[in-house]
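Work through the exercises below with the model open beside you, and try each task before reading its solution.

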Amino acid sequence: MEPELFQNNEDGRKAFSELGSKVIDWIVDYYKRIEEFPVRSKVAPGDVYRQFPDSFPAQPIRDDEVFRVLNEVIIPGMTHWQHPQFYAFFPGNTSFPSIAAEMITSGIAAQCMIWESSPVAAELEQRCMEWCRDLLGLPKNWEGVIQDTASTATLTALLTAREWKSGYRVSKRGFEGTVYRIYCSSQAHSSVEKAVRLAGFGTDHLVQIQVDENLSLIPEKLESAIKEDLKNGFVPTCVISTFGTTSTGAIDPVNEISDITSRYGLWHHVDAAYAGTALMLEEFSFLSNGLEGADSFVFNPHKWMFVQFDCTAYFVREPDLLVRTMSINPSYLATVYGDRVNDYRDWGIPLGRRFRALKLWMTLQLLGIDAIKERLRFHISLAKGIEEKLIKDRVLEIAYPRSFNIITFRIKREIDDDGRLTKQLSLEINESGKAYMTHAVVQERGFIRWVTGQTYTQERHVDEAWQLIYQILDRIISI
Ligand code: PLP
């Protein structure tokens, strides 16, 4: 007999309603208890795998059993990104409106590849991108599209730059021996190197430009590298600048880079994956000066804007160049609407698309911009508090200047000359399960990143994390 949950009839909907209520109760309970869980999962490789049988069940199992596995196997295997002591990587925040919106998106379960396949998905996406553009103070003539990740957006930017620079020849005839060169700082995210590789440029042709003491790209070095490449017969094609690097939050001088790219005819892509959100705060709006000279820009509402993964906002100055690179027109996707609509399959790599605009819209509707800005400022104030403590500390020091809510710190060189103790400190913080931070190495020196951007982090969490650090320090060094 077929399970009730497989039928859209009275019994099936009743069974779904019961299951749905249990799911909501489970999520509510998860948030109530989230601080009881170790932030980073304590399982060892293979532990979880071994607890699952060799095959799927032929017959349905009871949902009680599913919830048992959820609680006893799945939850212990999770790292809890919504735990207020999550300070690692960059946050992947959510909020209750975003969770609710994802439920509706799943409920409707549409595939939004072209306008006709769900007109509202396309038109709400267009509106949401305009709102985000204006909220961040990005140039009014830019248009945006939602993508899955910043990595995909950067690959999209490089493919567009490649086609634009080659007069749309590479996609047809291949590289024909021409060497196209791409530039970024030595601090750019690894997704840049990956995109260079996947777009066929060859990683030998990714030129890493030197940075200054704040880890920002030095424009003069960029210009010299471009000149040198021109002398050698290469084709300088694209500069990727970073607005908030992953290791330390450094900001490249976007304005000066735009001057150079326009002077030499290069594409300028700005990777603002994390820190782009800060541009909505009036006190940082000056940082958007010069963005009008860029060709494309990406930021992730799924990092620090309380809209959950996946939701990347990708903006371009000239959508026609993007569409010309990405569109392909088999007869079965042809529609009668032409230029009157945006078919977003032509604005990115995949054909199939989720209805991501719904969660962006619903989150911003139900939270409101003022509360979001307040929460961002609160996160930054937490980081400032840590910075003040570090400035006065006898054992710990700031590694690189604080950027927004990104703190980098390490044990002072006179106590930890080879960085081994700083590494041990980070391992012990994470193994404790009480907080989760990331160890990074820049210019051969290690440090710990402490990003105070989790939706629910409060002052007491930061204080507890500071105490944890000192409990570990007490043990590993004699203070
Ligand atoms: N760019 C920067 C500066 C990042 O910090 C990250 C991830 O942390 C990325 C790109 C990649 O983001 P995504 O996971 O959305 O591809």
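Two strands are said to pair if DSSP finds at least two bridges between them. The model used here is a predicted one.

**Exercise 1.** Determine which strands pair with E11, and in which sense.

*Solution.* Begin with strand E10, residues 438–442, which pairs with E11 in the antiparallel sense over five bridges; within this pairing, Val 441 stands opposite Gly 446 in E11. Next, turn to strand E9, residues 406–411, which also pairs with E11 in the antiparallel sense, over four bridges, and here Ile 406 stands opposite Val 451 in E11. Finally, look at the hairpin of E10 and E11, where two residues lie between the strands and Gln 443 takes a positive phi near 50°.

**Exercise 2.** Decide whether strand E11 is largely enclosed or largely open, and explain why.

*Solution.* A residue counts as buried if 20 or more other C-beta atoms lie within 10 Å of its own. In strand E11, residues 445–451, six of the seven residues are buried, so the strand is largely enclosed by the rest of the structure. For the chain as a whole, 41% of the 479 residues count as buried.

**Exercise 3.** Describe the surroundings of the ligand.

*Solution.* First count the residues around the ligand, of which there are 14, and note that the closest are Thr 149, Ser 151, His 189, Thr 246 and Ala 273.

Key:
Residues are numbered from 1 along each chain as its sequence is written. This is a predicted model: local features need pLDDT of at least 70, side-chain atom pairs count only at pLDDT 80 or more; totals for chains, interfaces and linings use all residues. A residue is buried if 20 or more other C-beta atoms lie within 10 Å of its own, exposed if 12 or fewer, and partly exposed in between; C-beta atoms are placed from the backbone. A residue is near a molecule or strand if its C-beta atom, placed from the backbone, lies within 6 Å of it.
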